[in-house]
Amino acid sequence: MATSETVDRLTREELGWELAEIFDELEVSQINEVLAKNVPLETLKFFASYAGDFGESQDIRGDSLKRLPNLLLLGYLLRIVEERLINDDEAFDS
């Protein structure tokens, strides 16, 4: 039976900001734990390598180049969260 109750959903932008704020509050050991549980080692290695190659090709230097793998990882984790939320919604709707 469907209900008329509506659920306020976060936009992708809001979800991204929420995830970034959560990561900002975590200790390094906690971040490492999240990565170990959600990101295969091969993927971590790929992001590090790709970020270096991409950064050099785009003439990105200094701290920005060092942070580029983290940005890629944050985007990857955001996508994982989105997929899990979609799967949870589908399971709930069944």
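**Figure 1. Phe-47 and its ring partner Phe-46 in the predicted model.** Phe-47 has a relative accessible area of 10% and is therefore buried, since buried means under 20%. Phe-46 reaches 47% relative accessibility, so this residue counts as partly exposed. The two rings make an aromatic pair, with 5.8 Å from centre to centre and 55 degrees between the planes. This pair is classed as tilted.

**Figure 2. Phe-46 and Tyr-50 as a stacked pair.** A pair of aromatic rings is described by the distance of the centres and the angle of the planes. For Phe-46 and Tyr-50 these values are 5.6 Å and 15 degrees. Both residues belong to helix H3, which covers residues 41-57. Four residues separate them, about one turn of the helix. Tyr-50 counts as partly exposed because its relative accessibility is 39%, between the 20% and 50% limits.

**Figure 3. The aromatic cluster.** The structure contains four aromatic pairs. Ring pairs join Phe-46, Phe-47, Tyr-50, Phe-54 and Tyr-76 into a cluster.

**Figure 4. The largest pocket and its lining.** The space in the largest pocket amounts to about 320 Å³. Helix H1 (12-25), helix H2 (28-38) and helix H4 (62-93) each contribute at least two lining residues. H4 gives the most, with six residues. Among the residues of the lining are Phe-23, Asp-24, Ile-31, Arg-67, Asn-70 and Leu-74. By class, nine lining residues are nonpolar, one is polar and two are charged.

Notes. Residues numbered from 1 in each chain as written. Predicted model: local features only at pLDDT ≥ 70, side-chain atom pairs only at ≥ 80, totals over all residues. Heavy atoms only, no water. 1 Å grid on protein atoms, 1.4 Å probe; cavity = no way out; pocket = protein on both sides within 12 Å on 5 of 7 lines; lining within 4 Å. Points joined across faces, edges and corners; volume = space filled by probe spheres on them. Nonpolar A, V, L, I, M, F, W, Y, C, P; charged D, E, K, R; others polar. Phe/Tyr/Trp six-rings, centres within 6.5 Å; stacked < 30°, edge-to-face > 60°. Buried < 20%, exposed > 50% of the residue type's maximum accessible area, 1.4 Å probe, protein only.
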